[in-house]
Amino acid sequence: MKTILVTGGTGYIGSHTTIELQKLGFNVVIIDNLSNSDIKSLERIKSITGIEAKFEYGDVCDKSFLDNIFQKYEISSIIHFAAYKAVGESVSKPISYYSNNLISLMNILETMTKHSVKNLIFSSSCTVYGQPDILPVTEETELKPANSPYGNTKKISEDIIIDFINSGADIRAVILRYFNPVGADMSGKIGELPQGIPNNLMPYITQTALGIREKLMVFGNDYNTNDGTAIRDYIHVSDLANAHISAMNYLNDKPTKFYDIFNVGTGEGYSVMQVINSINKFLTSPLPYQITERRQGDIEKIWADPSKANEILKWQPIYSIDDMTSSALNWEKFLRQDK
Ligand code: NAD
Ligand code: UD1
């Protein structure tokens, strides 16, 4: 039976995508070097789907390791999540980010070509749009220079894929530009696992809700938005996971030497205060927070026009902002008992 290779599959989005793939009967092999994830993800995936994902411990930057995996399994598609993703860390360790994120991708492209594997789904980010002049952003919206080495690796990765296909490589690719993935599998048994103090909003909120952090710092309330706090397009991670399966199905009947790009967001923007109001519905006392200075490098507002993915991929998100906050909270509670 053909297998889907999920690189970075023990990580946040990769584990949720593995779950959705297994639920639909796909065979999954995960590659991960556990640089930003826990081996426990495998048990957690199994506890939800009842299926053991095959796991290959190793580094996608190691070409001979990758070559062995492509020999060992009959791979039909690759979903390439493995990358470093911390914006702040990328500023202090640019070489490590360029090297991990770009070499891994180039190895995947070369190895899939060598083994005649045709389909690639790549994780990009709405960070490539910077602060757009017009909202919502479509896939045609002008890209802005990246404001971090991490963001630049996503822009360069997109270029590498497109240049490779334009050179005549016999593959097909979908580039997915994720907006802000949040939340957790509705079982509450798996979710995001930030190391140390979270940088992103949702894990900071859920840790604050459980008293692990004293209060949430809201970075600025003087933006040009309804309540002054910044707006993002939050997307439930399981909805995002399913977008990869839609993308894979879309690629199957395309010719090779083909690529396409899709925004993956809900099309709805929520401010930081609206996210706080949502989580408050699930708490016995309101989330403590304090307004502070804007965070350097933050944009004011962004949300997607997801109509291309809705129409062409036939993909629709189903989860609401309350599903996102409540599932994230349930996971945080589960995690504290499951340590
Ligand atoms: P994550 O850190 O939870 O998962 C990435 C996984 O890749 C981790 O398990 C890590 O151990 C593994 N990994 C990293 N480098 C590797 C290598 N060289 N070889 C093998 N394994 C390696 O991150 P995530 O949030 O699940 O993100 C997945 C992808 O989506 C990344 O490419 C990320 O840049 C992209 N993305 C994420 C977000 C987000 O907000 N989470 C937004 C836009 C894009
Ligand atoms: C950040 C990254 C982006 C990356 C994304 C997903 C930056 C500048 N951008 O996006 O490149 O793709 O994560 O990993 O880091 N907020 C608070 N208090 C907090 C944390 C966040 O008020 O403690 C606010 C932020 O100012 C922002 C919103 O919450 O307005 C969302 O923040 P975050 O979750 O970090 O995502 P982004 O900044 O959108």
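Modeller: In this predicted model, the packing of α1 on α8 brings together Y12, I13, H16, T17, E20 and L21 from α1 and V237, S238, L240, A241, N242, H244, I245 and M248 from α8. By class, that contact is made up of eight nonpolar residues, five polar ones and one charged one. Two packed helices are described by the angle between their axes and the distance between the axes. For α1 and α8 the angle is about 65 degrees and the axes are 8 Å apart. Their crossing is right-handed.

Each helix can also be taken by itself. Helix α1 covers residues 12-23, and its end C-alpha atoms lie 17 Å apart, in agreement with the 16 Å that 12 residues should span at 1.5 Å a residue. Of those 12 residues, 11 are buried, and α1 is thus mostly covered. The buried residues of α1 are Y12, I13, G14, S15, H16, T17, T18, I19, E20, L21 and Q22. After α1 comes G25, with a positive phi near 90 degrees.

The partner, helix α8, runs over residues 237-252; its 16 residues reach 23 Å from the first C-alpha to the last, close to the expected 22 Å at 1.5 Å a residue. Buried here means under 20% relative accessible area. Because 13 of the 16 residues of α8 are buried, this helix is largely enclosed by the rest of the structure. In the loop between α8 and β11 (258-264) sits K257. K257 has a positive phi of about 60 degrees, although it is not a glycine. With a relative accessible area of 48%, K257 is partly exposed.

Helix α9 (residues 272-280) and helix α11 (residues 321-337) have axes that come within 9 Å and cross at roughly 65 degrees. That crossing, too, is right-handed. On the α9 side the residues are V275, S278 and I279, and they meet I321, D322, T325 and L329 of α11. Four nonpolar, two polar and one charged residues make up the contact of α9 with α11.

Helix α11 also holds E332. E332 counts as buried, since its relative accessibility is 4%. Its side chain has a polar contact of 2.7 Å with the side chain of T206. A polar contact of 2.4 Å joins the side chain of E332 to that of R336. Apart from neighbours within four places in sequence, the residues in contact with E332 are P203, T206, Q207, L210 and I212. As for position in the chain, E332 and I134 are 198 residues apart, and their C-alpha atoms are separated by 36 Å.

Two buried polar residues in other helices can be described in the same terms. N101 lies in helix α5 (residues 94-114). Its relative accessibility is 3%, so N101 counts as buried. The side chains of N101 and T153 are joined by a polar contact of 3.1 Å. With neighbours within four places in sequence left aside, N101 is in contact with A83, Y84, Y150, T153 and S157. S41 belongs to helix α2 (residues 40-49). At 5% relative accessibility, S41 counts as buried. When residues up to four places away in sequence are not counted, S41 touches T10 and I190.

The remaining points concern the backbone in loops. The loop between α5 and β5 contains S116. S116 is not a glycine, yet its phi is positive, at about 55 degrees. Further along, in the loop between β5 (119-125) and α6 (149-166), is P136. The peptide bond that joins L135 and P136 is cis, with omega at about -5 degrees.

To return to the part you asked about: α1 and α8 pack at about 65 degrees, with 11 of the 12 residues of α1 buried and 13 of the 16 residues of α8 buried.

Methods. Residues numbered from 1 in each chain as written. Chains lettered and ligands numbered in written order. Predicted model: local features only at pLDDT ≥ 70, side-chain atom pairs only at ≥ 80, totals over all residues. Heavy atoms only, no water. Helix = DSSP H or I, 4+ residues; strand = E, 2+ residues; numbered from the N terminus. Expected span 1.5 Å × (residues − 1). Buried < 20%, exposed > 50% of the residue type's maximum accessible area, 1.4 Å probe, protein only. Axes fitted to C-alpha atoms, helices over the stretch in contact; angles between N-to-C directions. Left-handed = near helix turned anticlockwise from the far one by under 90°. Contact = heavy atoms within 4.5 Å. Nonpolar A, V, L, I, M, F, W, Y, C, P; charged D, E, K, R; others polar. Polar contact = N/O pair within 3.5 Å; in protein donor to acceptor, adjacent residues only side chain to side chain.
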